[in-house]
Amino acid sequence: MKVTEYFEKAKGKTLISFEILPPLKGSTIQEIFDSLDPLMEFKPPFVDVTYHREEFVYKSMKDGYFEKTAIRKRPGTIGICTAISQRYGVDAVPHLLCGGFSKEETENALIDLNFLGIHNVLALRGDARAFESKFVPEEKGHKYAIELVKQIVEMNNGVYQDEHVVNGANTDFCIGVAGYPEKHFESPNMDADIINLKKKVDAGANYIVTQLFFDNKKYFSFVDKCRAAGIDVPIIPGLKPVTKKYQLNSIPRKFYVNFPEELVKAILKAKNAEARIQVGIEWAVMQSKELKAAGVPGIHFYTMGDSPIIQAIAEQVF
Ligand code: FAD
């Protein structure tokens with residue numbers, strides 16, 4: 001079923017969903033099952049699986065030189081999606097990136113997904129790779145997520161990149177895109193970012209999942225601005241608990257989001273690792289309860305290998 005149909009059918013009830021990362025290369029699918037098994041009691045209608053493009057690593061050579069090599073450390077997104085659907089009978093939503101894909105490779109990936117019965121995707125641009133100062137599109141690839149959305153919509157209308165395809169079969173993908181309650185870091189301001197988000201929706205995106213945030217006021221204000229700009233699709237808040245001291249710096253650096261001072265003080269005041277986890281859980285529970293009371297369509301938890309913590313939060317909210 002399409003992600004948007006779940007929200008329609010829920011008739012105002014807040015749904016829960018999870019996002020997982022493929023494990024590092026060399027792991028087994030059991031690692032994914034071990035982290036998802038305990039979360040299935042909350043009956044998520046769908047689970048997202050992130051996509052990780054290749055990274056550049058430098059290998060030192062015998063002659064003292066370094067060799068630059070591209071390696072994908074977390075492959076397996078589509079395989080994991082299929083395994084999740086088969087094991088749990090839920091819909092799995094693969095993330096698709098512009099970065100690292102030509103349009104033809106995207107087309108082929110979409111054909112695989114369609115054949116596998118996976119009809120939801122989250123369409124993203126992706127970030128610059130390590131050692132690159134800005135996002136560089138693939139040759140014959142897309143520069144912005146909106147172009148990827150347009151390609152998927154074209155396939156839904158039976159139009160393929162490959163001009164040899166005549167009377168191409170229509171696919172039926174439901175398309176999610178990313179939104180940023182604290183604005184995307186490259187955008188000059190929030191209004192400019194929302195104009196670009198509106199364009200993604202006008203191009204055919206069916207729903208939005210937000211970047212993680214720790215201050216609900218940011219989400220509510222973002223939704224108000226989106227609605228004022230004419231964006232009328234569901235906007236699903238994305239949450240991740242902070243449970244470690246170093247995350248006070250690593251999360252803002254990676255995700256360009258702010259921590260409320262009250263949360264920072266509570267994490268710093270906590271006496272040990274266990275107490276910090278408790279602070280993070282309580283904060284996320286507080287956020288979730290407020291969002292639920294406000295009638296959000298769903299809450300999307302970024303599990304990032306922290307399943308027991310997400311489970312502890314979900315137990316108190318769902
Ligand atoms: P876009 O929508 O293309 O926007 C990127 C920037 O360009 C924004 O500043 C936007 O305002 C601007 N812009 C857009 N269109 C135009 C235009 N026509 N002209 C000028 N400027 C424009 N990354 C991964 O690598 N793998 C994942 O699995 C993954 N999952 C994610 C899931 C969620 C819910 C979120 C919020 C992010 C995820 N990301 C993931 C990170 C994402 O790839 C980055 O945030 C990336 O920098 C932007 O992606 P986007 O799809 O929002 O890009």
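**Entry 1: N167**

I began with N167, which counts as exposed because its relative accessibility is 81%. For this label I used relative accessible area: buried is under 20%, exposed is over 50%, and partly exposed lies in between, with a 1.4 Å probe and protein chains only. The model is predicted, so I noted that local features need pLDDT of at least 70, that side-chain atom pairs count only at pLDDT 80 or more, and that totals for chains, interfaces and linings use all residues. Residues are numbered from 1 along each chain as its sequence is written, and side-chain values use heavy atoms, with hydrogens and water left out.

I placed N167 in the loop between α5 (145-156) and β7. Helices (H or I, at least four residues) and strands (E, at least two) are DSSP runs, numbered from the N terminus. The phi of N167 is near 50°, a positive value in a residue other than glycine.

**Entry 2: Y256 and helix α8**

I then looked up Y256, which also has a positive phi, about 60°, although it is not a glycine. Y256 is found in the loop between α8 (247-255) and α9 (261-269). Y256 counts as partly exposed because its relative accessibility is 40%.

Which residues of α8 are buried? I found Q247, L248, S250, I251 and F255. I recalled that an α-helix has 3.6 residues a turn, so residues three or four places apart point the same way. The buried residues of α8 pack against β8 and α9, where contact means heavy atoms within 4.5 Å.

**Entry 3: D91**

I turned to D91, which lies in strand β5 (residues 91-97). D91 is buried yet has no salt bridge. A salt bridge is a side-chain nitrogen of Lys or Arg within 4 Å of a carboxyl oxygen of Asp or Glu. The nearest side chain of opposite charge, K9, is 10 Å away. For charge, Lys and Arg count as positive and Asp and Glu as negative, while His and the chain ends are not counted.

What does the side chain of D91 make a polar contact with? I found the side chain of Y6, at 2.5 Å. The side chain of D91 also reaches the backbone nitrogen of M1 at 3.0 Å. A polar contact is a pair of N or O atoms within 3.5 Å; within protein, one must be able to donate a hydrogen and the other to accept it, and residues adjacent in sequence count only if both atoms are side-chain atoms. Leaving out residues up to four places away in sequence, D91 touches M1, Y6, P45, F46, V47 and N120.

**Entry 4: Salt bridges**

I noted that side chains of opposite charge can pair when their charged atoms come close. How many salt bridges does the rule give? The count comes to eleven.

R53 forms one with E54, the closest N and O atoms being 3.3 Å apart. R53 counts as buried because its relative accessibility is 8%, and E54 counts as buried at 16%. R129 and E132 meet through their side chains in another, at 2.7 Å from N to O. R129 counts as buried because its relative accessibility is 14%, whereas E132 is partly exposed, with a relative accessible area of 21%.

I also looked up the salt bridge between the side chains of E182 and K218, at 3.7 Å from N to O. E182 lies in the loop between β7 (174-179) and α6, and K218 in helix α7 (residues 216-228), so the pair ties together parts that are 36 residues apart in sequence. E182 is buried, with a relative accessible area of 16%, and K218 is partly exposed at 29%. Salt bridges that share partners join R53, E54, R129 and E132 into one network.

**Entry 5: The ligand**

Last, I looked at the shell of 23 residues around the ligand, of which the closest are Y51, D127, Y180, D193 and K200. A residue is near a molecule or strand if one of its heavy atoms lies within 4 Å of it.

A backbone N or O atom of G126 lies 3.0 Å from an oxygen atom of the ligand. A polar side-chain atom of H184 lies 2.8 Å from a ligand oxygen atom, and one of N196 lies 3.0 Å from a ligand oxygen atom. The protein covers 83% of the 980 Å² of accessible area that the ligand has on its own. Accessible areas come from the Shrake-Rupley method with a 1.4 Å probe; for residues, only the protein chains shown count as cover.

The elements that give two or more residues to the shell are β5, β6 (120-124), α6 (190-203) and β8 (207-212). Which element gives the largest share? I found α6, with three residues.
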